[in-house]
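Hi,

Here is the structure I said I'd pass on to you.

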Amino acid sequence: MLTTLPICATAAQTSKGAGTGTGYTLYEGMVKFSAPPTWPAIMQKTEGTPQFIAFLVKDPADPGSGEAAQVSVEAKLLNDAAVFPALVNAGINKARQSPGYEPRTEGAANAAHYVALDGKQRYEYRETWYLNSKILIHVRCARPLLAATTADWTASYEAGCAQVLGTAKPH
């Protein structure tokens, strides 16, 4: 889980679209994606390598739990694009080594969907890796599985995660 003091992400923010989300860029516009406008950016690094932006996703079930849903997009410039498959395999293997690992779906290329423990709390993770020329893009959606979380909030979170995943994918 990412923890830090909030940092404003306006330097990487590109635009706000009504209903479509807020656009962000990394690597001077080579990596573009959007996130729901209600998701505040809590961390960012938009210079050097790697670059990333992390979002906090408020769940009404979170207060007092000490848990929080987060979505992050990390981009890393590779010296050689040929190492991409090995980096993806290392990420997937790292996920499989997580305490309490339970796969949710298998077979998706360059992706992992699973449940694992973060401390004593079960979290659902969706991780996807993309290659854009020589830039590795890693999108990670992580949410605690709290008993009080509503189906409406879960649907909204899933739609937002899908938005980030879909817009971060190179076209």
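First, some ground rules. This is a predicted model, so local features need pLDDT of at least 70 and side-chain atom pairs count only at pLDDT 80 or more, while totals for chains, interfaces and linings use all residues. Residues are numbered from 1 along each chain as its sequence is written, and side-chain values use heavy atoms, with hydrogens and water left out.

Let's start with strand β10 (residues 135-144). Helices (H or I, at least four residues) and strands (E, at least two) are DSSP runs, numbered from the N terminus. Nine of the 10 residues of β10 are buried, so the rest of the structure largely encloses this strand. Buried means under 20% relative accessible area, exposed over 50%, and partly exposed in between (1.4 Å probe, protein chains only).

Which strands pair with β10? Strand β6 (residues 69-77) runs antiparallel to β10, joined by eight bridges, and strand β9 (residues 121-132) pairs with β10, also antiparallel, over 10 bridges. Two strands pair if DSSP finds at least two bridges between them. β9 and β10 form a hairpin with two residues between them, and serine 133 in the turn has a positive phi of about 60°.

Next, helix α1 (residues 84-96). Its 13 residues reach 19 Å from first C-alpha to last, close to the 18 Å expected at 1.5 Å a residue; the expected span is 1.5 Å times one less than the number of residues. Phe84, Val88, Gly91, Ile92 and Ala95 are the buried residues of α1. Looking down the axis of α1, they fall within an arc of 95°, so they line one face of the helix. That arc is taken from the directions from the helix axis to the C-beta atoms. Among what covers these residues are β8 (111-118), β9 and β10.

Finally, the disulfide (a pair of cysteine sulfur atoms within 2.5 Å). The count comes to one: cysteine 141 is joined to cysteine 161, S to S 2.0 Å. Cysteine 141 lies in β10 and cysteine 161 in helix α2 (residues 151-168), so the pair ties together parts that are 20 residues apart in sequence. Both cysteine 141 and cysteine 161 are buried, and their link is right-handed, with 100° about the S-S bond.

Cheers

Conventions:
Contact = heavy atoms within 4.5 Å.
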